Amino acid sequence: MTPEERFDELVGEFLDMPGVTGPGSGRGFGSSALRVGNKIFAMLAHERLVVKLPGARVDVLVAAGEGVRFDANKGVPMKEWFSVDPDSALSWQELARESCAFVAGK
């Protein structure tokens with residue numbers, strides 16, 4: 001399954017949740033994102049799942065070799081954004097649920 005297909009499947013699972021909206025039109029940052037309360041919590045970028053999580057959680061995932069901090073092409077990794085390694089065995093659904101809860105609670 002391609003990353004795009006995996007993300008489309010993820011979108012389908014989350015659209016039934018209250019307050020969650022799917023990708024919109026356009027091509028800029030967040031155009032392929034899932035949002036809760038109009039805030040991005042998960043997106044597909046460079047064929048990788050990117051999720052917003054607490055900085056300490058991102059630290060743990062990076063240290064475990066599961067991915068890297070997301071860099072929005074500005075040369076500075078973002079402390080609360082995690083980009084999942086394509087070879088990671090982490091569940092996209094679980095990461096997206098964790099991210100959605102984090103963003104909804106902010």
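**View A. The buried residues of helix 1 in the predicted model.** Four names to pick out here: F7, L10, V11 and F14 are the residues of helix 1 that end up buried. Look down the helix axis and these buried residues sit within an arc of 100°, so they line one face of the helix. As for the helix itself, residues 3-14 make up its twelve positions. From first C-alpha to last it reaches 17 Å, close to the 16 Å you'd expect at 1.5 Å a residue.

**View B. What covers the buried residues of helix 1.** The cover comes from both strands and a helix. It includes strand 1 (20-21), strand 2 (33-36), strand 3 (39-45) and strand 4 (48-52), along with helix 3 (92-104).

**View C. Strand 2, covered on both faces.** In a regular strand, side chains alternate between the two faces of the sheet. Here A33 and R35 go to one side of strand 2, with L34 and V36 on the other, and all of them are buried.

**View D. Strand 1 alongside strand 2.** These two run antiparallel and are joined by two bridges. Zoom in on T21 and you'll find R35 of strand 2 standing opposite.

**View E. The hairpin of strand 2 and strand 3.** This pairing is antiparallel too, over four bridges. V36 has K39 in strand 3 as its bridge partner. Two residues lie between the strands of the hairpin, and G37 takes a positive phi near 60°.

Definitions and conventions:
Residues numbered from 1 in each chain as written. Predicted model: local features only at pLDDT ≥ 70, side-chain atom pairs only at ≥ 80, totals over all residues. Heavy atoms only, no water. Expected span 1.5 Å × (residues − 1). Buried < 20%, exposed > 50% of the residue type's maximum accessible area, 1.4 Å probe, protein only. Arc of directions from axis to C-beta. Contact = heavy atoms within 4.5 Å. Pairing = 2+ DSSP bridges.
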